[in-house]
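Hi there,

Here is the structure I promised to pass on to you. Have a look at it first, and then read on for what turned up in it.

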Amino acid sequence: MLGTDAIIGVSAHNAEEALAAEAAGADYLGCGAVYPTGTKKDTSVIGVEGLKAVRAVTKLPFVGIGGVTLANYCDVLNAGADGAAIVSAILSANDIESTVQKFVQLSL
């Protein structure tokens, strides 16, 4: 329906869901919640161990999502995530621009 140029992202909460998404043709994954999050109350936490399990079974790029902060962002990357989807840590910051710049610096 979307054509061959569409980029499809799929949410995965564990390694099994990541494998299923890859087999179904996903281009990338959003994996989490990595940590408890205030933006989505009805989710379970997979932690960095869950991210490591996803990385062990798929080569798809994926981002960690849920509760990612400046204090734990490097842990998410070190667990195998290619990046993170970050909401609260940015939107609740006193200085959004500076906070985003700090995340970028940690990514380098």
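Touching, or being in contact, means having heavy atoms within 4.5 Å. Before going further, note that this is a predicted model: local features need pLDDT of at least 70, side-chain atom pairs count only at pLDDT 80 or more, and totals for chains, interfaces and linings use all residues. Residues are numbered from 1 along each chain as its sequence is written, and side-chain values use heavy atoms, with hydrogens and water left out.

Where does Thr37 sit? You'll find Thr37 in the loop between β2 (28–32) and α2 (47–57). Helices (H or I, at least four residues) and strands (E, at least two) are DSSP runs, numbered from the N terminus. Is Thr37 buried or exposed? With a relative accessible area of 18%, Thr37 is buried. The cut-offs are under 20% relative accessible area for buried, over 50% for exposed, and partly exposed in between (1.4 Å probe, protein chains only). The side chain of Thr37 also makes a polar contact of 2.9 Å with the side chain of Thr39. A polar contact is a pair of N or O atoms within 3.5 Å; within protein, one must be able to donate a hydrogen and the other to accept it, and residues adjacent in sequence count only if both atoms are side-chain atoms.

**More from that loop**

Ala33 has its place in the loop between β2 and α2. Take a look at its backbone: the peptide bond from Gly32 to Ala33 is cis, with omega near 5°.

Val45 is in the loop between β2 and α2 too. Its relative accessible area is 47%, so Val45 is partly exposed. Apart from neighbours within four places in sequence, Val45 is in contact with Ala33, Val34, Tyr35 and Pro36.

**Along helix α2**

- Gly50 is in helix α2, and its relative accessible area of 14% makes Gly50 buried. C-alpha to C-alpha, Gly50 and Ile65 are 12 Å apart in space, and they are 15 residues apart in sequence.
- Val54 is in helix α2 and is buried, with a relative accessible area of 0%. Which residues is Val54 in contact with, leaving aside its neighbours within four places in sequence? They are Asn14, Ala15, Ala18, Leu29, Cys31 and Phe62.
- Val57 is in helix α2 and counts as partly exposed, at 32% relative accessibility. Leaving aside neighbours within four places in sequence, Val57 is in contact with Ala15, Leu19 and Glu22. Val57 and Ala18 are 39 residues apart in sequence, yet 7.7 Å apart in space, C-alpha to C-alpha.

Thr58 is in the loop between α2 and β3 (62–65). Thr58 is buried, with a relative accessible area of 3%. Its side chain reaches the backbone nitrogen of Leu60 at 3.0 Å. Not counting residues up to four places away in sequence, Thr58 touches Ala18, Glu22 and Leu29.

**Zooming out**

How many helices and strands does the protein have? There are five helices and four strands, and from the N terminus on they run β-α-β-α-β-α-β-α-α. The radius of gyration is 14 Å, close to the 13 Å that the globule rule gives for 108 residues, so the protein is as compact as a globular protein of that length. That radius is taken over C-alpha atoms, and the globule rule is 2.2 Å times the number of residues to the power 0.38. Along the principal axes, the C-alpha atoms fill a box of roughly 40 × 30 × 30 Å.

Buried residues make up 34% of the 108 residues. Of the contacts with a separation of 6 or more, 45% come from residues 24 or more positions apart.

Enjoy exploring, and write back with any questions!
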